[in-house]
Amino acid sequence: MNWIKRRWDQFALLVCALLLLAFSGLLIVKAMGFATVFDSLKGNVVKSSEVEPVDTTVIEAAEMRIQEPPQWKVTDQEGSLFISRKYVEKDGLLLDVLAEGSDDLYVGVPNAWFTKYDLPILETDVLEQDQDSDKFNNREEFEGKTDPIDPASHPPFWQKLRLKEFTQTKFRLLFSAYTGDPLNPESLTFQINTLDVNQPTQFLKLGDAIEGTKFKIKSFEFKSFVNENNVKRDISELTVENSESGDSVILVVEKIANSPDSFAVFHYL
């Protein structure tokens, strides 16, 4: 110990030399085993000439966004970057016709409907105008829930029909006369003529079909009355029936009857 105290610097140098020698030996051992460790790690390398496909979805989406740059979109004419909402001057004040709770300029038609189709809301005859020239004005288009600026969209044409007159035509059969005992209808022979075509008189019995028509003789009722000149008049009735529909028509002897079919004449606006 005295020697170490007297020559401590030499002792320290000796310890460092021993440590350096130990580390050198450790490095030599590690270097000798490097080849073995490297061979165990490298393994077999799989070789391939195929390239996995690349997902280009993001690139294509970006390309589309570049080709279609963002635009300023306007809905219901609420204004745009350079166009203001529609205002109306009334009593010296500017009124926003699209504001919630604002009064409609035209009774029954909301302001938003005019601005939706860009109709001239400030023109007093706007409801009578026909922007798409389909013969239906804007009021009719609104009531019909159709597009006032699309000629293919319009209310049905029958809405343009107006009744001009209602008429009846003469029934085509005439009960001209009868022969036999009126109190015994089975014995009677009835004379039937047609008014619309020229054909011979038909002499028929009860139940007979009337040639050239859909009717047959159904029943007979004898009737008469005395007029103001005290003259007895025969007003007997002959009932004929449509064999298809079952409708009946009463014919008074020697009197022209009205057809059961009615006719209407319409005017197309």
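**Aromatic pairs in a predicted model**

Both Phe175 and Phe190 are buried, and the model they sit in is a predicted one.

Student: OK, so what kind of pair do the rings of Phe175 and Phe190 make?
Tutor: Look at the planes, which sit at 70°, with the ring centres 5.9 Å apart. Planes over 60 degrees apart get their own label. So the Phe175 and Phe190 pair is edge-to-face.

Student: And which strands do Phe175 and Phe190 belong to?
Tutor: The two residues are 15 residues apart, and their pair links distant parts of the chain. Phe175 is in strand S4 (residues 173-179), while Phe190 is in strand S5 (residues 189-194).

Student: How many aromatic pairs turn up across the whole structure?
Tutor: Ring centres have to lie within 6.5 Å to count as a pair. Searching the whole structure on that basis gives 11.

Student: Take Trp113 and Phe142: what is their centre-to-centre distance?
Tutor: Their pair is edge-to-face too, with 75° between the planes. Centre to centre, the Trp113 and Phe142 rings are at 5.3 Å.

Student: Is Trp113 buried or exposed?
Tutor: The cut-off for buried is under 20% relative accessible area. Trp113 comes in at 11%, so it counts as buried.

Student: What about Phe142, then: buried, partly exposed or exposed?
Tutor: Its relative accessible area is 23%. Buried needs under 20% and exposed needs over 50%, so Phe142 is partly exposed.

Student: Which residue has its charged end over the ring of Phe136?
Tutor: The charged end in question is 5.0 Å from the centre of that ring. It belongs to Lys160.

Definitions and conventions
Residues numbered from 1 in each chain as written. Predicted model: local features only at pLDDT ≥ 70, side-chain atom pairs only at ≥ 80, totals over all residues. Heavy atoms only, no water. Phe/Tyr/Trp six-rings, centres within 6.5 Å; stacked < 30°, edge-to-face > 60°. Buried < 20%, exposed > 50% of the residue type's maximum accessible area, 1.4 Å probe, protein only. Helix = DSSP H or I, 4+ residues; strand = E, 2+ residues; numbered from the N terminus. Lys NZ or Arg CZ within 6 Å of the ring centre and 35° of its normal.
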